[in-house]
Amino acid sequence: MADDLWWQRGIFYQIYPRSFQDSNGDGIGDLTGILQRLPYLSRLGADAVWLSPIFPSPMADFGYDISDYTGIDPIFGNMQDFDLLIASVHERGLKLILDLVPNHTSDQHPWFIESRSSRTNPKRNWYIWSDGAADGEPPNNWLSEFGGSAWQYDATTGQYYYHAFLAQQPDLNWRNPEVRQAIYDVMRFWLRKGVDGFRVDVIWHLIKDDQLRDNPLNAAFREGMPPNQRLTPLYTTDRPEIHDVVAEMRQVVDEFRDRVLIGEIYLPVEQLMSYYGKDLLGAHMPFNFALLSASWNAHEIKNIIAEYERALPIGAWPNWVLGNHDRPRIASRVGRDQARIAAMLLLTLRGTPTLYYGDEIGMEQVAIAPSQVRDPFERNVPGIGVGRDGCRTPMQWDADLNAGFSRGDPWLPLSADFLHENVRNLEADQTSILSLYRALIALRRNNPAMVSGSYEPVATANDLLFFRRREGSTCFNVVLNFGTEPMSLTHGDGIDFGTEILLSTHLDRWNETLSQSLDLRGNEGVITVRPHSSGQE
Ligand code: NOJ
């Protein structure tokens with residue numbers, strides 16, 4: 001345990017800055033707001049805070065379209081605010097992770113403005129330009145994630161440029177060494193300021209096929225799926241050369257002490273693992289999103305864990321994610337009751353957990369009326385449920401005006417339930433989901449076996465998932481009921497379920513002694529021990 005690094009021991013907490021805390025009444029969260037809320041993060045027990053982009057941006061994709069990599073967007077504050085924030089984060093013993101968005105810039109970035117100005121501009125080759133096909137159509141069949149062709153015609157020079165996302169987000173050309181050096185210098189700029197690492201946006205997208213070959217059709221495509229899924233992104237993502245880039249990024253991070261490189265990667269588990277890199281010199285943590293799309297039942301979850309554990313390269317550090325700013329909230333995906341099971345799962349699995357702001361208070365998807373839609377994905381591809389506004393609504397702090405988020409009109413609507421479901425209320429309620437998160441985090445922090453102990457599957461049957469975390473003589477049993485019906489384990493089942501309940505998701509069975517059976521209510525999970533062997537006495 002003494003050898004574990006902070007990003008292995010720690011609990012990560014993602015803040016979507018627009019929605020966390022507004023300090024100036026413009027209805028949009030900002031850095032000073034985050035600063036004001038640091039005591040909350042300390043009380044919760046978070047160790048590292050990851051901020052979604054805070055850099056100057058036209059906000060076509062709410063900050064994932066950057067026009068200056070080394071500044072702060074005035075919406076969020078200024079560099080002084082940032083310096084104060086990072087100093088305060090560090091004073092509290094927390095870490096700060098920034099979002100690095102190297103795949104694309106804004107079309108307003110000076111690099112792109114230069115690049116598009118003429119075919120001979122020195123920055124021309126910083127982006128991906130191509131002539132159209134003979135018939136004047138785009139160069140090939142590549143599709144944008146946000147709908148339509150991924151090629152935008154630019155009349156100034158009569159060529160097309162490639163954009164994996166919005167036309168306002170042209171892709172950088174990562175085959176160009178100058179681009180690489182420019183982004184590595186951006187990384188150094190923030191690392192010198194003391195940031196503790198990066199979450200790298202769509203890292204598996206950075207390199208595209210140099211011959212611009214057509215992507216093949218996806219036989220699994222069905223109506224109702226996002227239109228870009230008509231094709232399999234064989235030539236646009238996860239190209240073999242990507243691993244050289246990830247290794248170079250890692251080298252930049254390693255020029256500084258004790259920093260972390262996290263990659264955003266949506267890929268099947270085997271491909272995901274390659275992002276740890278040769279000799280583990282790639283990303284420290286390729287994000288593991290397997291739980292984001294899991295069918296919520298004990299068998300599926302057991303299989304996901306087993307598959308992930310099996311695929312991990314030797315020495316690679318695991319991680320788990322339940323939610324983020326692109327996916328529906330966990331409490332809506334699995335329901336309020338199972339959200340507690342999800343919390344217990346996330347915080348007892350082997351691997352660094354990343355929490356998405358608001359999940360700890362059980363925030364649900366907020367219904368967004370068509371007139372209130374802000375997300376460009378939903379605007380471009382309406383009506384099939386791709387909208388991401390519903391998981392980005394303001395944090396619910398208290399029952400005051402606008403849930404304590406802002407004294408102005410919030411940029412997205414608040415959840416109707418904020419009068420009750422808010423931090424102030426739930427912190428005072430000893431049985432709330434927030435209290436559960438705090439108890440689970442405290443348990444994890446105080447017990448090395450929860451961090452570095454082995455993961456041992458014990459049993460799965462119907463709605464039961466039972467696994468152990470063990471280190472030396474310490475052993476925690478995690479027993480989760482994925483169903484609504486009560487269930488019971490008895491000694492006759494031949495499974496050692498311990499003799500004492502340490503924690504129930506219902507927060508009402510503290511130190512209950514077990515003798516003949518372990519009885520779980522519907523939607524209940526427990527952590528049990530055998531005190532003489534657990535170090536828990
Ligand atoms: C992934 C980010 O998480 C998402 O929010 C964004 O729209 C795309 N990358 C494009 O940057």
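I take buried to mean under 20% relative accessible area. The model I am reading is a predicted one.

**Entry: Arg180**

I started with Arg180. Its relative accessibility is 15%, so Arg180 counts as buried. I placed it in helix α6, residues 177-192. Next I looked for a partner of its side chain. The side chain of Arg180 reaches the backbone oxygen of Trp174 at 2.8 Å.

**Entry: the ligand**

I then turned to the ligand. How many residues surround the ligand? I noted 13, and the closest are Asp61, His104, Asp201, His325 and Asp326. I looked up individual contacts next. Asp61 places a polar side-chain atom 2.6 Å from a ligand oxygen. For His104, the distance from a polar side-chain atom to an oxygen atom of the ligand is 2.9 Å. Arg199 has a side-chain N or O atom 3.0 Å from an oxygen atom of the ligand. I also checked the cover. The ligand exposes 290 Å² when taken alone, and the protein buries 98% of that.

**Entry: helix α11**

I went on to helix α11, residues 336-348. I read 13 residues and a reach of 19 Å from first C-alpha to last. That is close to the 18 Å expected at 1.5 Å a residue. Is α11 largely enclosed or largely open? Eleven of its 13 residues are buried, so α11 is largely enclosed by the rest of the structure. I listed the buried ones. Gln338, Ala339, Arg340, Ile341 and Ala342 are among them. Ala343, Met344, Leu345, Leu346, Leu347 and Thr348 are also on that list. I kept one general point beside this entry. An α-helix has 3.6 residues a turn, so residues three or four places apart point the same way.

**Entry: aromatic pairs**

I looked up the aromatic pairs and found 31 in the structure. I opened Tyr153 and Tyr160 as one example. Their ring centres are 5.2 Å apart and their planes meet at 65°, so I logged the pair as edge-to-face. Tyr153 has 44% relative accessibility, so it counts as partly exposed. Tyr160 has 9% relative accessibility, so it counts as buried. I then opened Phe287 and Phe289. This aromatic pair is tilted, with 5.3 Å centre to centre and 40° between the planes. Phe287 and Phe289 are both buried.

The charged end of Lys123 sits over the ring of Trp126, 4.6 Å from its centre.

**Entry: positive phi angles**

I looked up two aspartates with positive phi. Asp258 is not a glycine, yet its phi is positive, at about 65°. I found Asp258 in the loop between α7 and β8 (260-263). Its relative accessible area is 38%, so Asp258 is partly exposed. Asp279 is not a glycine either, and its phi is positive at about 55°. Asp279 lies in the loop between α8 (269-273) and β9 (285-286). Is Asp279 buried or exposed? With a relative accessible area of 61%, Asp279 is exposed.

**Entry: two glutamines in loops**

I finished with two glutamines. Gln372 is in the loop between β11 (352-356) and α12 (376-380). Gln211 is in the loop between β7 (197-200) and α7 (242-254). At 54% relative accessibility, Gln211 counts as exposed.

Definitions and conventions:
Residues numbered from 1 in each chain as written. Predicted model: local features only at pLDDT ≥ 70, side-chain atom pairs only at ≥ 80, totals over all residues. Heavy atoms only, no water. Helix = DSSP H or I, 4+ residues; strand = E, 2+ residues; numbered from the N terminus. Expected span 1.5 Å × (residues − 1). Buried < 20%, exposed > 50% of the residue type's maximum accessible area, 1.4 Å probe, protein only. Phe/Tyr/Trp six-rings, centres within 6.5 Å; stacked < 30°, edge-to-face > 60°. Lys NZ or Arg CZ within 6 Å of the ring centre and 35° of its normal. Near = heavy atom within 4 Å. Polar contact = N/O pair within 3.5 Å; in protein donor to acceptor, adjacent residues only side chain to side chain. Areas by Shrake-Rupley, 256 points an atom, 1.4 Å probe, with all protein chains shown as cover.
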